[in-house]
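Please keep the sequence and the 3D view open as you go.

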Amino acid sequence: MDMRVLLISALLGYVSHVRAKTDSNVCVSANAKTCGECIQIGPQCVWCKDPDFKLSRCDDKESLEKAGCTPLGIENPRGNVTIDKNKPVTNRKIEGGANLRPEEITQIQPQKFTLNLRSGESQKFTLMFKRAEDYPIDLYFLMDLSDSMRSNLENVKNLGADLAKEMRHITKDLRIGFGSFLEKLVMPFILMTPKYLQNPCFPNDCTAPFSYKNVLSLTNDSTLFAREVSKQKTSGNLDSPEAGFDAIMQAAVCTNEIGWRNVTRLLVFSTDAGFHLAGDGKLGGIVRPNDGKCHLANNMYTMSNYFDYPTISQLVDTLSDNNIQTIFAVTEQFQALYQELSALIPKSTVGTLSASSTNVIQLIIDAYNSLSAEVILDNTKLPDGVSISYVSYCKNGESIKGNSGAAKCTNISIGDEVKFEIEITAEGCPSNKSETITIKPLGFNEEVEIVLNFICECECRKEGIPNSPACHFGNGTLECGVCRCNEGRLGRLCECSQNEVETDDLDANCRIGKGTEVCSNNGECLCGTCECKKRDNPEERYSGKFCECDNFSCDRSNNKLCGGHGRCECRKCICEANYTGSACDCSLDTSTCLTSKKQICNGRGKCECGVCKCTDPKFEGPKCDICPTCPRICTERKDCVECRQFGMGSKKQTCQKECSNFSITVVNTREDLPKPNDQFYLDECKERDADDCLFFFTYATKNDDKIEVHVAEKKECPSGPDIIPIVAGVVAGIVLIGLALLLIWKLIMIIHDRREFAKFEKEKMNARWDTGENPIYKSAVTTVVNPKYEGN
């Protein structure tokens, strides 16, 4: 017997272990039907393609090997990284180095990767960036030509030659251009009177207002720059903010007109005012959003009055897409405003515009050094389900972790090398099996091409056997050990015709709901119909369309199915007539709730499952007959009985009104009252009236709810007290108490006197002088005795 119990316990423990393992194993619980579905669950899931393998084919590698899958039968494709283009970075010196074209200079390595990605499996690769010396620079100076910028315009005229001279230690290949902007030619930005349109600064000499014009495309001729800028005049508009965003947009997107090369692109934006945002054009009736395209004709912006100002997000994307680094040279008054704008635009900085051309040049050089000393990697939009993370290894061993767009190193000098470790992970399998993204350092024209190939199928699929006999007489292709059914056939072995079932997903017909087990894990789905398992006990069986019911899993009471008072149907007890409850353990018999007066729960509760549930919160007890806080029935009826029978009590004045709901029968003495054994619902009462007399009555409720009261006419009154003995006793008591107090006082005085006398005698015995001699007397005679006198 003990061995049988031990074997059963071991078997139950094994089943529980297997079930717990299955529940926690995502490879098994996902219920993958093909090898492709299996490998997309996670990198830990592999597929067994052995034809004779009978267990779950999708599991972890260790479990499949233990289950008997051969090593050659395990399909476990893994991702990898391949470098396709790996041109080394350019080591070029500014002095004595060979002159290279911009496209021949390499600052980031490698330049192209191919990543084979499996769902949940990350792939890592490393990029190296090194700032090349003598890298070409295109600098476009975009200036506000409102009349308040007159002094600054004078400083820019000699900017070309001085700037080329000061930047010769950075690059020998510097090209510089110039553009100017003012405002849209509509009210209320520009006064549209003919006189104002000719000279808005009258009586001063100004040029006609305009929105944006490209004064000089990028050139390496500093003399031409100075000549063209010298021809420029300031103009005027009505409001303080300018159309600077229109000018930035056109300068960025008009690549051919400005002459941008694929080199370092710098845009110096100089103004002493704020800027208009998208939406401000509505003031002039311009409501069409800016299209972000080039609209230059004869170097003038022609769609100023047609398109609204660009949004900040448009500028951010346009400057980033065109690799333009922005330097905001503004007056101190507006420096805080442009600091906020710069925080939104990557690779931009803000400097203070001053009245000295030397300071303007130094501002540009400092800003360029600041921008070029910062390397920020950015990536294009990722496909759905693909994530990217960066670890930047900067100077001095510093490492910085970040997500998309957060790869950054600062304080990078020319010739310094920094590395970026990039990790790309795919979750699931996108609709396109191949995608291409790019990673590039912001502000530079170079980029890294990343080709992403997603592993969505197993190699064994290529070895499929069409019309395999293993797939129900050739109704499918045997791929990776399972059947891929031909059109019109369904089922695990393609044994079902599509015309016989309602859906292509046979298992869906065998599930109660999405995500539930096939046939409630109690049967097998055959052509969309559940065939339930058989039990060892023939009396126990599964039932229902989805095998969701059984007749042995209901609640038990006293170790009996449905308490022995019902039958189990679909895991729910159907109870007999006199029983209820989930286990039919609640009896409807109310005999256990009856009181001695044949009332259920004393009329103050409900009988549930043979136990009283008191509805009156004041009552308690097994039959709701105990009320610790209630007055007794006798106390409640005392005043009415007293007023009706004896004409006394607190209800004497209202007796007819309040005490007419019962009848009174008068008997002679207490012994003549009815006894409790004579009838039910009888209470015996004994109360005291105002004269301290006891009167007796009984209170009974008949079956017809009539109240009957029997009152004893004779009361029991206490007899009057005997005055003489009481007075004599009081007097005697007073006398005796006085004598006792006197004796006590006398005794105390005797004791006190004796103590005083004893004290006197003691002091007398201790006295040192005689009563006949004065203790303070001293004699005037002194007697001296001769020591040699012998008395002769």
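This is a predicted model: local features need pLDDT of at least 70, side-chain atom pairs count only at pLDDT 80 or more; totals for chains, interfaces and linings use all residues.

Helices (H or I, at least four residues) and strands (E, at least two) are DSSP runs, numbered from the N terminus. Residues are numbered from 1 along each chain as its sequence is written, and side-chain values use heavy atoms, with hydrogens and water left out.

**The chain overall**

- The chain holds 16 helices and 42 strands.
- Of its 792 residues, 41% count as buried (under 20% relative accessible area; exposed is over 50% and partly exposed in between, with a 1.4 Å probe and protein chains only).
- Taking contacts (heavy atoms within 4.5 Å) between residues at least 6 apart in sequence, 59% join residues at least 24 apart.
- The accessible surface of the chain is about 45,100 Å², and 51% of that belongs to carbon and sulfur atoms; the areas come from the Shrake-Rupley method with a 1.4 Å probe, and for residues only the protein chains shown count as cover.

- Beyond residues up to four places away in sequence, E75 touches C35, V46, W47, K49, C458, E459 and C460.
- Q107 sits in the loop between strand 4 (80-85) and strand 5 (108-109).
- Q107 is buried because its relative accessibility is 2%.
- Leaving aside neighbours within four places in sequence, the contacts of Q107 include M128, F129, K130 and R131, and also F444 and E446.

- T436 has V451 of strand 22 opposite.
- In a regular strand, side chains alternate between the two faces of the sheet.

- Strand 23 (residues 476-479) runs antiparallel to strand 24 (residues 482-485), joined by 4 bridges.
- E479 stands opposite V482 in strand 24.
- This hairpin has 2 residues between its strands, and C480 takes a positive phi near 55°.
- Strand 33 (residues 566-569) and strand 34 (residues 572-575) also run antiparallel, with 4 bridges.
- G566 faces C575 across the pairing.
- Here, too, 2 residues lie between the strands of the hairpin, and C570 in the turn has a positive phi of about 50°.

**A helix pair**

- How do helix 9 and helix 11 lie relative to each other?
- Their axes come within 10 Å and cross at roughly 25° (axes are lines fitted to C-alpha atoms, for helices over the stretch in contact, and angles run from 0 to 180 degrees between N-to-C directions).
- Helix 9 and helix 11 are therefore roughly parallel (angles under 35 degrees; over 145 is roughly antiparallel, 65 to 115 roughly perpendicular and the rest oblique).
- The contact involves F245, I248, M249, A252 and V253 of helix 9 with I312, Q314, L315, T318 and L319 of helix 11.

Key: Two strands pair if DSSP finds at least two bridges between them.
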